[in-house]
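Here is a short walk through one structure. Keep the sequence and the 3D view side by side as you read.

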Amino acid sequence: MAPSGPGGVRRRCRRVLYWIPVVFISLLLGWCYYAYAIQLCIVSMENIGEQVVCLMAYHLLFAMFVWSYWKTIFTLPMNPSKEFHLSYAEKELLEREPRGEAHQEVLRRAAKDLPIYTRTMSGAIRYCDRCRLIKPDRCHHCSVCDKCILKMDHHCPWVNNCVGFSNYKFFLLFLAYSLLYCLFIAATDLQYFIRFWTNGLPDTQAKFHIMFLFFAAAMFSVSLSSLFGYHCWLVSKNKSTLEAFRNPVFRHGTDKNGFSLGFSKNMRQVFGDEKKYWLLPIFSSQGDGCSFPTCLVNQDPEQPSTPAGLNSTAKNPENHQFPAKPLRESQSHLLTDSQTWTENSSNSGRCKAGMSNPALTMENET
């Protein structure tokens with residue numbers, strides 16, 4: 001096998017370095033388990049009933065914390081499907097022709113049957129030069145992963161993974177269970193922490209574990225509470241972290257609440273319809289990550305009340321590869337309780353799915 005060269009070595013070194021935060025969290029979690037379960041519960045607690053209750057509650061929170069953290073780390077981010085990739089002929093045209101009308105025409109033909117509605121700041125179709133594809137709504141290119149990620153929220157170094165459509169629910173549960181884990185440790189360790197400062201504990205190594213355990217739990221509780229609260233606000237508004245910093249742009253202009261469907265539907269878009277799965281790190285989010293219903297207050301005057309191509313798609317689904325079939329049943333509930341992908345709306349304030357849009361100008365965005 002031929003050597004990969006200096007560039008390949010640097011990439012491998014970066015991949016190793018990216019795991020340092022995950023290793024740090026894992027080692028810290030291992031020490032916390034030893035300090036709480038062994039030194040606090042078994043060595044320091046004298047009441048058997050208190051020991052049993054604390055150990056049972058601790059192991060429950062510990063298991064949910066580790067489970068959700070594991071799923072956040074090792075769930076692969078979803079990438080745009082093949083329908084959003086340009087064909088070989090279209091790629092050849094983009095490379096051969098000078099930038100201008102030829103590029104616009106290529107993107108116009110490629111995007112006319114795709115469920116995209118967001119644009120660049122200049123009004124062009126969002127195209128990724130590195131991945132050679134038309135970006136679906138809410139999709140962004142991650143410079144760390146070097147891939148386009150569906151509904152990308154951010155790249156998190158603490159999980160060494162992109163947080164997006166496939167693992168955003170897991171990330172929220174990871175924040176929630178880690179916060180509960182830290183609050184539980186701080187609350188049950190508080191009385192022993194006070195006894196440490198009043199010399200009420202035996203002079204053993206357990207007293208130092210108890211002291212540092214309380215400090216660590218209290219500090220992480222503060223930081224996690226603010227981060228978890230921020231993401232709860234994002235879910236309630238149906239925004240990603242990127243969309244909170246830069247509002248999505250539609251044909252009619254910028255709309256910071258373009259994807260918001262109301263609190264209940266926003267919650268169900270992330271956690272799903274079945275509430276029994278909400279607290280478990282099991283994928284239950286609605287949709288396919290490539291298209292999202294919108295609630296546009298200002299209707300684009302250039303768009304017909306019935307999106308072009310939807311009726312013909314419904315009549316002749318075999319002529320269109322995407323979207324040829326209705327959205328999965330769970331996503332159709334985002335529009336209304338009975339509305340399907342092929343229904344249209346004449347009211348400008350009603351939710352709409354992705355529409356077919358011609359390119360205005362060509363702008364490469366990564």
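Start with Trp 70. This residue is found in helix H3, which covers residues 48-74. The model is a predicted one. Is Trp 70 buried or exposed? Trp 70 has a relative accessibility of 54%, so it counts as exposed; the cut-off for that class is over 50%. Now look across to Phe 171. In sequence, Trp 70 and Phe 171 are 101 residues apart. In space, their C-alpha atoms are 9.8 Å apart.

Helix H6 spans residues 168-197, and helix H7 spans residues 206-237. How do the two meet? Two packed helices are described by two values, the angle between their axes and the distance between those axes. For H6 and H7, the angle is about 145°. Their axes lie 7 Å apart. The crossing of H6 past H7 is left-handed. Which residues make up this contact, by class? The contact of H6 with H7 has 27 nonpolar residues, along with four polar and two charged ones.

Turn next to the charged pairs. How many salt bridges does a search of the whole structure find? It finds five. Three of them are worth a visit here.

Take Asp 146 and Arg 130. Their closest N and O atoms are 2.7 Å apart in a salt bridge. Asp 146 sits in the loop between strand E4 (140-142) and strand E5 (147-149). Arg 130 sits in the loop between strand E2 (125-128) and strand E3 (133-134). The pair therefore ties together parts that are 16 residues apart in sequence. Asp 146 counts as partly exposed because its relative accessibility is 36%. Arg 130, at 57%, counts as exposed.

Go on to Arg 138 and Glu 243. Their side chains meet in a salt bridge, at 2.8 Å from N to O. This pair links distant parts of the chain, 105 residues apart. Arg 138 is in the loop between E3 and E4. Glu 243 belongs to helix H8, residues 241-245. Are these two residues buried or exposed? Both Arg 138 and Glu 243 are buried, a class that means under 20% relative accessible area.

Finish with Glu 274 and Lys 276. They form a salt bridge too, with the closest N and O atoms 3.6 Å apart. Glu 274 is partly exposed, with a relative accessible area of 44%. Lys 276 counts as exposed, at 56% relative accessibility.

Definitions and conventions. Residues are numbered from 1 along each chain as its sequence is written. This is a predicted model: local features need pLDDT of at least 70, side-chain atom pairs count only at pLDDT 80 or more; totals for chains, interfaces and linings use all residues. Side-chain values use heavy atoms; hydrogens and water are left out. Helices (H or I, at least four residues) and strands (E, at least two) are DSSP runs, numbered from the N terminus. Buried means under 20% relative accessible area, exposed over 50%, partly exposed in between (1.4 Å probe, protein chains only). A salt bridge is a side-chain nitrogen of Lys or Arg within 4 Å of a carboxyl oxygen of Asp or Glu. Axes are lines fitted to C-alpha atoms, for helices over the stretch in contact, and angles run from 0 to 180 degrees between N-to-C directions. A crossing is left-handed if the near helix is turned anticlockwise from the far one by less than a right angle, and right-handed if clockwise. Ala, Val, Leu, Ile, Met, Phe, Trp, Tyr, Cys and Pro count as nonpolar, Asp, Glu, Lys and Arg as charged, and the others, Gly among them, as polar.
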